[in-house]
Amino acid sequence: MEWFERTKPYEADLIADLNQIVKIPSILDPNTQSDRTPFGVDMARALAKMEELAARDGFRYGRVDNMVTWIEYGPADAAETVAILTHIDIVPAGEGWLRDPFKPEILDGLYFGRGAADMKADLMSAYYAMKYLADHEITLTRKIRLIIGTDEENGWRDLPRYFEVEGEPTMGFSPDGAFLVVNGEKAFQTVQLRFANQTTGDYVLRRFIAGSRPNVVPGEARARVSVPNPAQVQNEFATYLAQYPFLSGQSEVRDQEVRLLLKGVQAHGAYPQDGENAGTYLANFLRRFAFNADAKTFLDFIGRVVHDDIGAENLGLRYHDDVMGDLTLNVGVMRFSQNGQGTILLNFRYPQGVNVQAVTTQVQRHLGDFAATVEVWPGGMEPHLVPETDELVGTLSLVYAKQTGMYMNPRTSNGGSYARLLKRGVAFGGQFPDVPVTSHQANESTPVANLTRSMAIFAESLLKLAK
């Protein structure tokens, strides 16, 4: 019997369990952080739900520092471990949803909900792959551990701590990427610009807000400006929006202050070409007016220097590696408040051959009149590459080819998965090549048919790696 035929009967139960996880808004919540809930109450609820499922299905399980839950199958005393590295945290829902992101629905064969693509559906497919092996009492030599983190979308403070306590697995994969095998992951590093916000004169930028996370392309931006002729700004704004069919927005006048809202296209910051950055477009519009002092340099930097420049060419950072590809830039967060402190967060993804010192040096060189300090955010990662000759890469490649009838060479990703934390770790699934990427976007979805399709690929892969 083909593997997909074996896993298809699990679909209804898989979806029922997935619904329980998606309904929990497991987003970093500083307001409810404590020793027992280091990333917020909802994150702890999500881990507890996975542990409840593990207990129901007879798996061994445990928790490390309330940050990571592990679920295990196979000989407990096995010397070697095959890991499935996952996360249950998600990015904020954002704007533009046509349905409640935390009330999952199936429409036209698609499963909708925040986390459907990144990565609760793949977490559940991996869990059910392990459940399939357990249900059929398949004997293994290596044990399998499903490792569930809670800080992947933020600071990666979870799995490093898990490895300190539990040790590093022998090998593993993270279903937080794409099929076929992603054996290389570019470095990712966020650079923060901090600056003063002094502005005077006839044109005053009172506030500018875009983005919430460095690894998300902002889908919405807002600004408040005081200007001599509000009607002129409104008219020019309408003309500007008309030039770009993928943008929308609105303006409102209160006294002499114009309030602007511009909507672009939110996307994952690892793939800025999939989005339209609302923040840089709004700055690009405003820089035509006679703002001065810090407002002028702020608008010029994000509206000209880094606007629509995902290759960071204007920063002198355009770079290509034949194995790992191009350097990319996402301008993820932009803040300006009159007479306050301003911030810009630049998220870089770069291949081998580039380092963080080169990135910060080039950013500093291209600030021009912008009196900003350049700081490296903690938690960045260097490039990661597992040789194509490794058993792990070969086994996963052959399983995928066997089940789908397609062989593809391993490749490099702009995204960062927990796989890079293992010396022998790769990303593997659950994004199929024929499915649009919706991670971090409004109306995030995944095809229902791919839930058990992924489960089948993961199940056979685990069997071959752990047998």
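Domain bounds here come from an automatic or database domain assignment. By that assignment, the protein splits into domain 1 (1-184 + 384-466) and domain 2 (187-381). This is a predicted model: local features need pLDDT of at least 70, side-chain atom pairs count only at pLDDT 80 or more, and totals for chains, interfaces and linings use all residues. Residues are numbered from 1 along each chain as its sequence is written, and side-chain values use heavy atoms, without hydrogens and water.

**Domain interface**

The C-alpha centres of domain 1 and domain 2 lie 33 Å apart. Contact (heavy atoms within 4.5 Å) takes 25 residues from domain 1 and 17 residues from domain 2. The area buried between them is about 1,800 Å², with 50% given by carbon and sulfur atoms. Buried area is the accessible area (1.4 Å probe) that two parts lose on being put together, summed over both. Asn 414, Arg 420 and His 440 supply 34% of the area that domain 1 buries against domain 2, more than any other three residues.

Salt bridges between the domains number zero; the rule asks for a side-chain nitrogen of Lys or Arg within 4 Å of a carboxyl oxygen of Asp or Glu.

**Sheets**

Helices (H or I, at least four residues) and strands (E, at least two) are DSSP runs, numbered from the N terminus. Two strands pair if DSSP finds at least two bridges between them.

An open sheet of eight strands has the order S14-S15-S13-S11-S19-S20-S10-S21, with antiparallel pairing. S14 and strand S21 (372-376) are its edges; each has a single partner strand, so one side of each lacks a neighbour in the sheet. The twist averages 20 degrees from one strand to the next. Axes are lines fitted to C-alpha atoms, for helices over the stretch in contact, and angles run from 0 to 180 degrees between N-to-C directions.

An open sheet of three strands has the order S4-S5-S26, also with antiparallel pairing. Here neighbouring strands are turned by 30 degrees against each other on average, direction ignored.

Selected antiparallel pairs:

| Strand | Partner | Bridges |
|---|---|---|
| S14 (residues 248-254) | S15 (residues 257-263) | seven bridges |
| S13 (residues 220-226) | S15 | seven bridges |
| S5 (residues 110-112) | S26 | three bridges |

Within these pairs, Gln 250 stands opposite Leu 261 in S15. Arg 224 stands opposite Arg 259 in S15. Leu 110 faces Pro 447 in S26. The hairpin of S14 and S15 has two residues between the strands, and Asp 255 takes a positive phi near 55 degrees there.

Helix H7 (residues 278-286) lies across strand S11 (204-210), S13, S15 and strand S19 (328-337), running at about 25 degrees to S13.
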